[in-house]
Amino acid sequence: MAKTTFADLFESEAVILADGGMGTMLMAAGLQPGDSPELWNVEHADEVRSIHRGYLAAGAQIILTNTFGGNQRRLMHRQLERRAVELNQAAAVLARAEVDALDRRVVVGGSIGPTGVLMAPLGDLTYDEAAGIFEEQAGALVAGGVDVLWVETMSDLQELRAAVEGCRKVAADFPIVATMTFDSHGHTSMGVAPEAAVEAFGTMELLAFGGNCGNGPEEIEGVIESMHTLAPEAVLIAKSNAGLPKMVDGQQVYDATPEVMAEHARRVRDLGARIIGACCGSTPAHIQAMGQALKG
Ligand SMILES: [Zn+2]
């Protein structure tokens, strides 16, 4: 089947089902606290492949690469910063191969998460340095074959801008989307309200934008409602966590069941989201239930 572009998906589908949590699935597969998820793209490639397959079998039309923490600043925690290009490219190649083996329209999003450090003047990361770090990551993801660059879980507008600029430098007209995390009373942890996010997103020529992660369905539904009111024409992304984490027998378990997330999928669609998936705590069972609900 000919390669599906992000634009093809938009033309053929009213609502697009994205995948769910990667970290959750890696931990279930044996990733230990302190391990690098990105290193699994080369050292446990079969596990990463099988996570992609799980989401594809659940009906996901967009899958994200296992590169959320793949920028060199974050890889530095595990002395892997010199392997940023290798690990991102390997992740993209893995996801690409799973999608190319299918006989339906699916695209690969190259996940780009935050650096985890504060930008200057609060911290020591300058805007130009950040843009360069994201450019390196985006370049490797594109070289590995992603269809769209997927900036996610951003809290700081400056870092968001740096990430999008880094992506843009790789290929001026490459598809880019971005989402922020509104986990502090409807604002990001850096105090950005959905209104300010929409204003910033609007200047970036993104194909889609929205919210991900956070404190569960209700929170993101409020965010999408605000964004849809402000930007009714925008393609909005909602990737909520599966509720809130609770400790059960020493394990982190998220409290939203597939049924709860299925109801959320319908509600968030009705509020204006067009790309709907999930984030931390979700599994292929959640995505499958959400996909079923969206067909109804
Ligand atoms: Zn999350």
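Where is H185 found? I looked this up in the predicted model, in which local features need pLDDT of at least 70, side-chain atom pairs count only at pLDDT 80 or more, and totals for chains, interfaces and linings use all residues. Residues are numbered from 1 along each chain as its sequence is written.

**Entry 1**

I found H185 in the loop between β5 (176-180) and α9 (194-202); helices (H or I, at least four residues) and strands (E, at least two) are DSSP runs, numbered from the N terminus. I noted that H185 has a positive phi of about 50° although it is not a glycine. Most residues other than glycine have a negative phi, and most peptide bonds are trans. H185 is exposed, with 9 other C-beta atoms within 10 Å. For these labels, a residue is buried if 20 or more other C-beta atoms lie within 10 Å of its own, exposed if 12 or fewer, and partly exposed in between, with C-beta atoms placed from the backbone.

I then turned to T153, which sits in strand β4 (residues 148-154) and has a positive phi near 60° without being a glycine. T153 counts as buried, with 22 C-beta neighbours inside 10 Å.

**Entry 2: a cis bond**

I looked at the peptide bond that joins A120 and P121 and noted that it is cis, with omega about 5°. P121 belongs to the loop between β3 and α7.

**Entry 3: the whole protein**

I noted 12 helices and 10 strands in the protein. The radius of gyration, taken over C-alpha atoms, is 17 Å, close to the 19 Å that the globule rule (2.2 Å times the number of residues to the power 0.38) gives for 296 residues, so the protein is as compact as a globular protein of that length. Of the 296 residues, 52% are buried.

**Entry 4: helix α6**

I followed helix α6 (residues 84-100), whose 17 residues reach 24 Å from first C-alpha to last, close to the 24 Å expected at 1.5 Å a residue; the expected span is 1.5 Å times one less than the number of residues. Among the buried residues of α6 are L87, L94, A95 and V99. The buried residues of α6 pack against several elements, including α4 (45-57), β3 (107-112) and α7 (127-144).

**Entry 5: two helix pairs**

Two packed helices are described by the angle between their axes and the distance between the axes. Axes are lines fitted to C-alpha atoms, for helices over the stretch in contact, and angles run from 0 to 180 degrees between N-to-C directions.

I recorded that α4 and α6 pack at an angle of about 40°, with their axes 10 Å apart. That makes α4 oblique to α6 (angles under 35 degrees count as roughly parallel, over 145 as roughly antiparallel, 65 to 115 as roughly perpendicular and the rest as oblique). In this pair, A45, V48, R49, H52, R53 and L56 of α4 meet L94, A95 and E98 of α6.

For helix α11 (residues 258-270) and helix α12 (residues 284-295), I found axes that come within 8 Å and cross at roughly 45°, and the two are therefore oblique to each other.

**Entry 6: F134**

I ended with F134, which lies in helix α7 and is buried, with 28 other C-beta atoms within 10 Å. Leaving aside neighbours within four places in sequence, F134 is in contact (C-beta atoms, placed from the backbone, within 7 Å) with N71, I112, A162, A163, G166 and C167. F134 and I112 are 22 residues apart in sequence and 7.7 Å apart in space, C-alpha to C-alpha.

How values were computed. Two residues are in contact if their C-beta atoms, placed from the backbone, lie within 7 Å.
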